[in-house]
Amino acid sequence: MWYHKPAINEELLQSLPNLKVVASSGVGIDHLDLKLLSSYGVKVSNTPFIVSTDTADMGMALLLASSRRLVEGHQMAVSPDTEYFPADWLGVEVSGATLGIVGMGIIGYKVAERAKAFEMRILYHNRNQRKKEEESAVGAVYCKKIDDLLQQSDFVLLAVNLTPQTHKLIGKRELELMKPSATLINISRGLVVDQDALVEALQNKVIKAAALDVTYPEPLPRDHPLLKLKNVIITPHIGSATKKTRWVMMEEMAESIEAGLAGLPVPREVL
């Protein structure tokens with residue numbers, strides 16, 4: 001499967017009685033009905049590890065681009081109407097700012113490693129607290145309650161899997177807990193955020209800005225209000241989109257398919 005296609009539904013499964021394995025690109029599996037696939041004896045694999053480095057890089061890229069207003073700055077610099085650069089056109093500091101990471105899995109932890117190099121204060125919220133030595137390595141402080149993280153963070157970065165528990169995890173209440181000067185960064189899945197509530201929060205200056213590599217749907221309708229806001233950066237779900245990573249993803253998917261056809265244990269099987 002690439003970009004969630006083809007759709008794996010009961011009709012397709014019934015038409016493919018010899019299907020052994022579904023190899024899905026990327027880490028997310030929210031587009032798959034695992035129980036349905038299991039009932040047909042079909043194994044599932046994904047590529048969770050190879051995407052983590054590039055996706056963490058993307059998270060930091062969005063954080064930096066939003067804080068320093070790079071998209072607006074580029075538009076100003078190349079506009080035929082620009083006659084001078086205003087002296088009071090300012091971004092916000094990254095060094096010394098507080099980054100709250102929601103979801104400290106492989107990707108979230110790699111973001112923390114990068115943020116440490118930018119001398120950021122790091123908070124994180126996760127289902128389970130990391131080992132003390134892992135926390136110490138990046139200087140991260142665990143917030144058992146997400147509310148504590150939201151209230152303290154200058155940047156809130158979402159790196160969770162989309163599950164029933166994380167569906168619209170960030171809604172009106174959570175956005176109102178954030179600082180008016182805070183930025184929301186989403187490198188997970190669009191449905192982790194209540195998009196209507198986000199539009200309202202950005203329009204009413206409940207939070208300062210948002211930087212999103214994911215939305216719902218993708219792409220957004222061309223008249224969607226998020227596309228008209230200057231305090232939003234949107235990229236086309238390119239967290240893992242580098243040549244090397246996409247090549248290795250294909251190799252790993254092929255390995256899983258070959259193993260499944262040979263009746264061998266499937267590498268990176270989703271259980």
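Domain bounds here come from an automatic or database domain assignment. The model is predicted.

**Exercise 1.** State which residues make up domain 1 and domain 2, and how far apart their centres lie.

*Solution.* Step 1: the assignment gives domain 1 two segments, 10-49 and 242-262. Step 2: domain 2 is likewise given as two segments, 51-81 and 90-234. Step 3: taken over C-alpha atoms, the centres of domain 1 and domain 2 are separated by 30 Å. Step 4: the contact involves 10 residues of domain 1 and 7 residues of domain 2.

**Exercise 2.** Identify the salt bridge across the interface and count the polar contacts.

*Solution.* Step 1: the rule finds 1 salt bridge between domain 1 and domain 2. Step 2: the side chains of R189 and D30 form a salt bridge, at 3.3 Å from N to O. This distance falls under the cut-off because a salt bridge requires the nitrogen and the carboxyl oxygen to be within 4 Å. Step 3: 5 residue pairs are in polar contact between the domains. Step 4: the side of domain 1 that touches domain 2 has 4 nonpolar, 5 polar and 1 charged residues.

Key. Residues numbered from 1 in each chain as written. Predicted model: local features only at pLDDT ≥ 70, side-chain atom pairs only at ≥ 80, totals over all residues. Heavy atoms only, no water. Contact = heavy atoms within 4.5 Å. Polar contact = N/O pair within 3.5 Å; in protein donor to acceptor, adjacent residues only side chain to side chain. Nonpolar A, V, L, I, M, F, W, Y, C, P; charged D, E, K, R; others polar.
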